[in-house]
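Student: I have a new structure to look at. Can you walk me through it?
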Amino acid sequence: MKLKMAENSLFAILLRSSWWISFGIAAGVAVAALMLLPEQYAIGGALGAAPFVVIGTMAAWRQLRAPSATRVAATVEAVGAMSWRDFSAALEDAFRRDGYAVTRLSGPATDFELTRAGRTSLVSCKRWKAANTGIEPLRELHEARRAREAQEGIYVAAGGVTDNARKFAAGHGIRIIQGAELARLLPRIAAAGSAARRAP
């Protein structure tokens, strides 16, 4: 069974924060231990900073690999100009590259079923061009996920997602792919869109 870190745990928050915050906490823990603990316990106490060093390193690695704001904007623009046929084909290829077995679905709430390592995810992406997504399509995805006993729902959006929809997704096993995560999933789309704009 895959373990998942609680979204609002200290380490999860630090992973989403700038890398230097974790290193700063690690330095503070180490200095406090060396200054405040008796000599025989100081080194052991300073080792309590190690988890923060690990989290800082992970955060730095993620942030180094994150797509730039320019690339994210180019991806969102290119995706918004695509037809459903081209967009769904690009997503299908991207999920296959990530190691999923992909099955197309024809229901109103879901478009793909993904399976990998014994886990099933349902993907809803047909409303990707919506300027702003509310709760309703996420509720439909959740109901479909429960009916098919899938472990996860994935909603793909090029536009915005309301705060209420985000809260609903967080509480109902739905991952929202948009912005930087969409640019990571579809790295060739932004490049293709840029090339098309430069073409005479």
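Tutor: One definition before we start: a contact means heavy atoms within 4.5 Å. Among contacts in this protein between residues at least 6 apart in sequence, 57% join residues at least 24 apart. Keep in mind that the model is predicted.

Student: What is the average pLDDT of the protein?
Tutor: The average is 85, and 88% of the residues score at least 70. Over residues 193–200 the pLDDT is below 50, and this stretch has four contacts in the model beyond near neighbours in sequence.

Student: How many helices and strands?
Tutor: There are 10 helices and seven strands. Of the 200 residues, 38% count as buried.

Student: New topic. How many aromatic pairs are there in the whole structure?
Tutor: A search finds four. One of them joins Trp84 and Trp128, with ring centres 5.8 Å apart.

Student: Why is that pair called tilted?
Tutor: The planes of Trp84 and Trp128 meet at 40°. Planes under 30 degrees apart count as stacked and over 60 as edge-to-face, so the rest are tilted.

Student: Where do the two sit in the chain?
Tutor: Trp84 is in helix α6, and Trp128 is in the loop between β3 and β4, 44 residues apart.

Student: Is Trp128 buried or exposed?
Tutor: Trp128 is buried, with a relative accessible area of 5%. Trp84 is partly exposed, at 28%.

Student: What does Phe87 do with Trp128?
Tutor: They form a stacked pair, 4.6 Å centre to centre with 15° between the planes. Phe87 is also in helix α6, and Trp84, Phe87 and Trp128 form one aromatic cluster.

Student: And what lies over the face of Tyr100?
Tutor: Arg116 does, at 4.1 Å from the ring centre.

Notes:
Residues are numbered from 1 along each chain as its sequence is written. This is a predicted model: local features need pLDDT of at least 70, side-chain atom pairs count only at pLDDT 80 or more; totals for chains, interfaces and linings use all residues. Side-chain values use heavy atoms; hydrogens and water are left out. pLDDT is the predictor's confidence in each residue, from 0 to 100. Helices (H or I, at least four residues) and strands (E, at least two) are DSSP runs, numbered from the N terminus. Buried means under 20% relative accessible area, exposed over 50%, partly exposed in between (1.4 Å probe, protein chains only). Rings of Phe, Tyr and Trp (its six-membered ring) pair if their centres lie within 6.5 Å; planes under 30 degrees apart count as stacked, over 60 as edge-to-face and the rest as tilted. A charge sits over a ring if NZ of Lys or CZ of Arg is within 6 Å of the ring centre and within 35 degrees of the ring normal.
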